[in-house]
Amino acid sequence: MGKKTKKPGKGKEKTERKTAKAEEKKARRENKKVSVEDDIDAILMSIQKEEAKKKEVIVEENVPRPSPRSNCSMTINPLKETELIFYGGEFYNGNKTFVYGDLYRYDVEKQEWKLISSPNSPPPRSAHQAVAWKNYLYIYGGEFTSPNQERFHHYKDFWMLDLKTNQWEQLNLKGCPSPRSGHRMVLYKHKIIVFGGFYDTLREVRYFNDLHVFDLDQFKWQEIKPRPGCMWPSARSGFQFFVFQDEIFLYGGYSKEVAADKNNSEKGIVHADLWSLDPRTWEWNKVKKIGMPPGPRAGFSMCVHKKRALLFGGVVDMEVQGDVMMSLFLNELYGFQLDIHRWYPLELRKEKPTKDKVKRRDQQYDLDNKNTHGDVEMLEVDGSLENYEESPDMEGGADEISQQIKKNLTVSAGANGKPQERDINSNQQSCISSEVVKPCGRINSCMAVGRDTLYIYGGTMEVRDQEITLDDLYTLNLSKLDEWKCIIQASESEWLEVSEDEDEDDDEDDTDDEQDDSGSDSEDTDDEDDGETADGVKSVEMADAVSILKGQVKNLRRKEKRARIEQIRANLGLSDSQRTPMVSFVCHFLVLFMAELFYG
């Protein structure tokens, strides 16, 4: 999440060296002989031979849930709105990448999984797209990655799954889009519309902004080309595409461009523009963002419920000091009113306390005061949160923020004249009624709506320097907007990281720099070296990650505390000048922060 601070003046030099090393590494990849393990053509041929052995559809009832994966597809079954259909995805354990081609069906009411095995199934893939129409599921594109992530195969195949018989059929039709992944695909009436995506050629990553339409009645592809002088979105992948009546919206996305420097290095661009497409005329128009829109972010998810589009999650990469980057994984929920084009943060409705609940709370409050032999006032916020400014130097962020909180909070002393440590923890009910269940921050989660219920599944996040692939499932009643429910909790996993002596392409200069920096940040280095095994593979248990997902407090290292501080900032809305945090929400997080910083 956060990276340790480098010595002043070395950031630019190291970036230039790493860029040159990356170019050399790419050239070696292109020229060296492909190993058997990474020969994608051989792998896919082997998979095809195994598929040819299947003779009939096999449905396994009540099976264990799928293994953790990201970039899979989750679709509501149009024949049964309480059933979710999962296909494909990938999992990276720090050493190898695994790509899946299995098909699962999950009954939300029974909480049971079914695993479907069918002849003539699509080959494994991730970052594809899926839409459902009538009793069919349509899948297009995606990618297959070699275990060491040095080879990619992008698909251009188009598949149809009969949801009644579980039979797959490949649609070999002329005029289909070129191979790609990271594109988006939506259903408009009897048409499937595909836009954007990217294609990795090893030499470069090519981004698309072409528009293709598949007619489900005539079974024909058509490319919609821009007219001269018309408005058109720029090339991108990872954006969101959603439909409302006779309007199709495009929001955000990611792309890269070559920077104007001597190294021709690539620069990532996080898009935050909003477009509207008229599917009757195929004309694009840029939409002005009004209301309280989310800040720029990548990897967020969106879906539509009635007249409102919902946005969840995403990541923001912030340059904290010099060339030090910190990634903030967000769990905010935003609404976009589709008929008036207005953005707003979506807050859950608080349950109104009954007389009995108020009475019990007051009795518990009096009992706490009696036990501590002192009077504890409510936490008070002096002035506005404008005084709670972001520190330009995150190295001392914890101390500076704690001092600022001490200025803004007043806690009275007990009978002995000393502050009561217990009061901060025992009186959290003063600000919040109970522990809040909510999905943690993440990117690339699956998101769908069925029967006024929002489903959010999986995604990825980072804990320390490790990528965590989630497999939890949350629901939210969109009619009540009262509370999140965790249907499936995240499972524990293991992270394997290849050590430097096993990686033949590892940057030796980086190793020297890390040794130079170890004197100024020995605590981080020591923690990162723990768990090194004799065979050169580092195995790290994910208990800390799971404890964070389940809301359990663990002792955090310095850089983790900085990341947690920034996460609290994001949740409070302090990183967005357009947002005004709710007082109760602010109070809740300030209490949690104080308790965690000083007593956790």
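Over the face of which ring does R184 lie? In this predicted model, R184 lies over the face of F239, at 6.0 Å from the ring centre. The charged end of R180 sits over the ring of F208, 4.3 Å from the centre of that ring. A charge is taken to sit over a ring if NZ of Lys or CZ of Arg is within 6 Å of the ring centre and within 35 degrees of the ring normal.

The model is predicted, and local features need pLDDT of at least 70, side-chain atom pairs count only at pLDDT 80 or more, and totals for chains, interfaces and linings use all residues. Residues are numbered from 1 along each chain as its sequence is written, and side-chain values use heavy atoms, with hydrogens and water left out.

A search of the whole structure gave 30 aromatic pairs. Rings of Phe, Tyr and Trp (its six-membered ring) pair if their centres lie within 6.5 Å; planes under 30 degrees apart count as stacked, over 60 as edge-to-face and the rest as tilted. The ring centres of Y87 and W168 are 5.5 Å apart and their planes stand at 55 degrees, so this pair is tilted. The pair links distant parts of the chain, with Y87 in strand 3 (residues 80-87) and W168 in strand 13 (residues 167-170), 81 residues apart. Helices (H or I, at least four residues) and strands (E, at least two) are DSSP runs, numbered from the N terminus. Y87 has a relative accessibility of 1% and counts as buried; W168 is buried as well, at 6%. Here buried means under 20% relative accessible area, exposed over 50%, and partly exposed in between (1.4 Å probe, protein chains only). For F242 and F249, the ring centres are 5.5 Å apart and the planes are at 20 degrees, so the pair is stacked. F242 is buried at 3% relative accessibility, and F249 is buried at 0%. One aromatic cluster is formed by Y136, Y138, Y140, F158, F214, F219 and W221.

Contact means heavy atoms within 4.5 Å. Q129 is found in strand 8 (residues 129-133) and counts as buried at 16% relative accessibility. A polar atom of the Q129 side chain lies 3.2 Å from the backbone nitrogen of M185.

In strand 21 (residues 247-258), S255 is buried, with a relative accessible area of 6%. The side chain of S255 makes a polar contact with the side chain of H271 (2.8 Å). A polar contact is a pair of N or O atoms within 3.5 Å; within protein, one must be able to donate a hydrogen and the other to accept it, and residues adjacent in sequence count only if both atoms are side-chain atoms. Residues touched by S255, not counting those up to four places away in sequence, include Y207, A235, R236 and K267.

Helix 2 (residues 40-52) has 13 residues and reaches 18 Å from its first C-alpha to its last, close to the 18 Å expected at 1.5 Å a residue. The expected span is 1.5 Å times one less than the number of residues. The buried residues of helix 2 are I40, L44 and E51. They cover an arc of only 25 degrees around the axis, which puts them on the same side of helix 2; the arc is that of the directions from the helix axis to the C-beta atoms. These buried residues pack against strand 10 (143-145) and strand 11 (152-154). On the other side of helix 2, K49 and A52 are exposed. At the start of helix 2, a side-chain oxygen of D39 reaches to within 3.3 Å of the backbone nitrogen of D41.

Most residues other than glycine have a negative phi. N166, which is not a glycine, has a positive phi of about 60 degrees. N166 is found in the loop between strand 12 (158-162) and strand 13 and is buried, with a relative accessible area of 9%. R451, also not a glycine, has a positive phi of about 55 degrees. R451 is found in the loop between strand 31 (446-450) and strand 32 (453-463), and counts as exposed at 55% relative accessibility.
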